[in-house]
Amino acid sequence: MLINRRQAGAALAGLALAACEKKAEPTAETKSDTGAKAGIMKHEWGKTPDGQTVEMYMLSNGKGMSADIITWGGIVTALKVPDKSGTPVDVVLGFESFDPYVKNPAYFGALIGRYGNRIGHAQFKLDGKTYTVPKNDGDNSLHGGKAGFNSKLWTAKEVPGGLELTYVSKDGEEGYPGTLTAKVTYSLTDDNGLKIDYFATTDKDTVVNLTNHTYFNLAGQGEGLILDHEMQIMADNFTPVDKGLIPTGKLQPVEGTPFDFRQPHAIGERIGADNEQLKLGKGYDHNFALNSKGGTLATAAKVKDPKTGRTLEVLTDQPGIQFYTGNFLDGSLTGKGGKKYPQRCAFCLETQHFPDAPNKPEFASTLLKPGQEYKTTTIYKFSQA
Ligand code: BGC
């Protein structure tokens, strides 16, 4: 059944209906109090290199927010939030078609696993055994290795209010022990939040650290740099890194450094400061140790674009957040609407356990054992001043 444009109403206006009108099937709908429709539509979006179908699910909350999510890598390809006049603005970097997502060198919008961020020297010990994982970042392993969860086809299932994606990572995949069953549920909240619930179980002791690698620009994707965005991170400490961006294992107070975001600061205010850590990261590319320490959902960061008045609040129950200022973007990728993506045209706030925790007993453990459940939640919530 096709939804016609008038029926779909304002909330669906931003869902690229024109492009998919013929194929999109509305699969679950409820009428919201604004009269606009909340629901999910899906359509085929591409084929994997081995010929499997990639589907796109378009979630709408009926309040003007929508998210386009594909089954390849669980990638958020578009996230539209209403501006002052209610017009949806896409605030995440991404590509217009499927093919560039096969490589996706910057991990735009992707689910990251089995281990988010880096594992030093691409190895770790577990239960007395040394496991070797792929080196895909100098001497280290980044974001799950050469073929992480970002480049896998996930199985989609609509669940009340959201989309559940499942990926079963076999014992030994990318060197990690144990068959890990990962489930990630995306949903939109009534107050314009993208909620991500992560869940995993294993059949052998393993390590796990799942996150999402969306790049945000609150002025709209492709709308210049994010240096004037005002960033606040609820962290008294961050984890300094070595030249391979592996944490030293120490916690460093942010006090008196360019890493002090306890009060809002423009991202660009101190990014060029003469600071060894900023030089190592080519900007901000660091894990902040959240004051909330994880365990319960708490505000981790708040970001405001002064030009548009749009704000993002990140809530998580994770102990850390990777603040990354798109330092490795160099303008060579062309994204949606033909926009070039130069360095610092977006930022990431990746909620996580600390990088290299499997080799750092001083950090909170990322060990998952059979019978245990890995369960965490992060919300990216938008508002408009
Ligand atoms: C890392 C960066 C890396 C980027 C990949 C971030 O999570 O911390 O160092 O370049 O992901 O796009």
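Predicted model: local features only at pLDDT ≥ 70, side-chain atom pairs only at ≥ 80, totals over all residues.
Local features are reported where pLDDT is at least 70, side-chain atom pairs count only at pLDDT 80 or more, and totals for chains, interfaces and linings use all residues. Residues are numbered from 1 along each chain as its sequence is written, and side-chain values use heavy atoms, with hydrogens and water left out.

Let's begin at the ligand. Its shell holds 13 residues, and the closest are Arg118, His143, His213, Asp285 and Glu350; a residue is near the ligand if one of its heavy atoms lies within 4 Å of it. By type, the shell divides into six nonpolar, four polar and three charged residues. Here Ala, Val, Leu, Ile, Met, Phe, Trp, Tyr, Cys and Pro count as nonpolar, Asp, Glu, Lys and Arg as charged, and the others, Gly among them, as polar.

In the side chain of histidine 213, an N or O atom is 2.7 Å from a ligand oxygen. Histidine 143 brings a polar side-chain atom to 2.9 Å from a ligand oxygen, while alanine 106 uses a polar backbone atom, at 3.1 Å. The protein covers 95% of the 310 Å² of accessible area that the ligand has on its own, with areas from the Shrake-Rupley method and a 1.4 Å probe.

Next come the strands, which are DSSP runs of E with at least two residues, numbered from the N terminus. Two strands pair if DSSP finds at least two bridges between them. Strand S2 (residues 37–47) runs antiparallel to S3, joined by nine bridges, and methionine 41 has methionine 58 in S3 as its bridge partner. The two form a hairpin with five residues between them, where glycine 51 in the turn has a positive phi of about 85°. S3 also pairs with strand S4 (residues 66–70), antiparallel and over five bridges. This second hairpin has four residues between its strands, and glycine 62 in the turn has a positive phi of about 75°. Seven of the nine residues of S3 (residues 53–61) are buried, so this strand is largely enclosed by the rest of the structure; buried means under 20% relative accessible area, exposed over 50%, and partly exposed in between (1.4 Å probe, protein chains only).

Further along, five strands form an open antiparallel sheet in the order S20-S19-S22-S25-S26. S20 (252–253) and S26 (348–352) stand at the edges with a single partner strand each, so one side of each has no neighbour in the sheet. S19 (residues 237–239) pairs with S20 over two bridges, and phenylalanine 238 stands opposite glutamine 252.

Finally, the salt bridges, which pair a side-chain nitrogen of Lys or Arg with a carboxyl oxygen of Asp or Glu within 4 Å, come to 18. One of them joins aspartate 228 and lysine 307 at 2.9 Å, N to O. The partners are 79 residues apart, aspartate 228 in the loop between S17 and S18 and lysine 307 in the loop between S23 and S24. Aspartate 228 is partly exposed at 27%, whereas lysine 307 is exposed at 53%. Aspartate 274 and lysine 279 meet at 2.4 Å, N to O, and both are exposed. Arginine 262 and aspartate 260 form another salt bridge, at 2.9 Å, within a network that links Asp236, Glu255, Asp260 and Arg262.

Conventions:
Polar contact = N/O pair within 3.5 Å; in protein donor to acceptor, adjacent residues only side chain to side chain.
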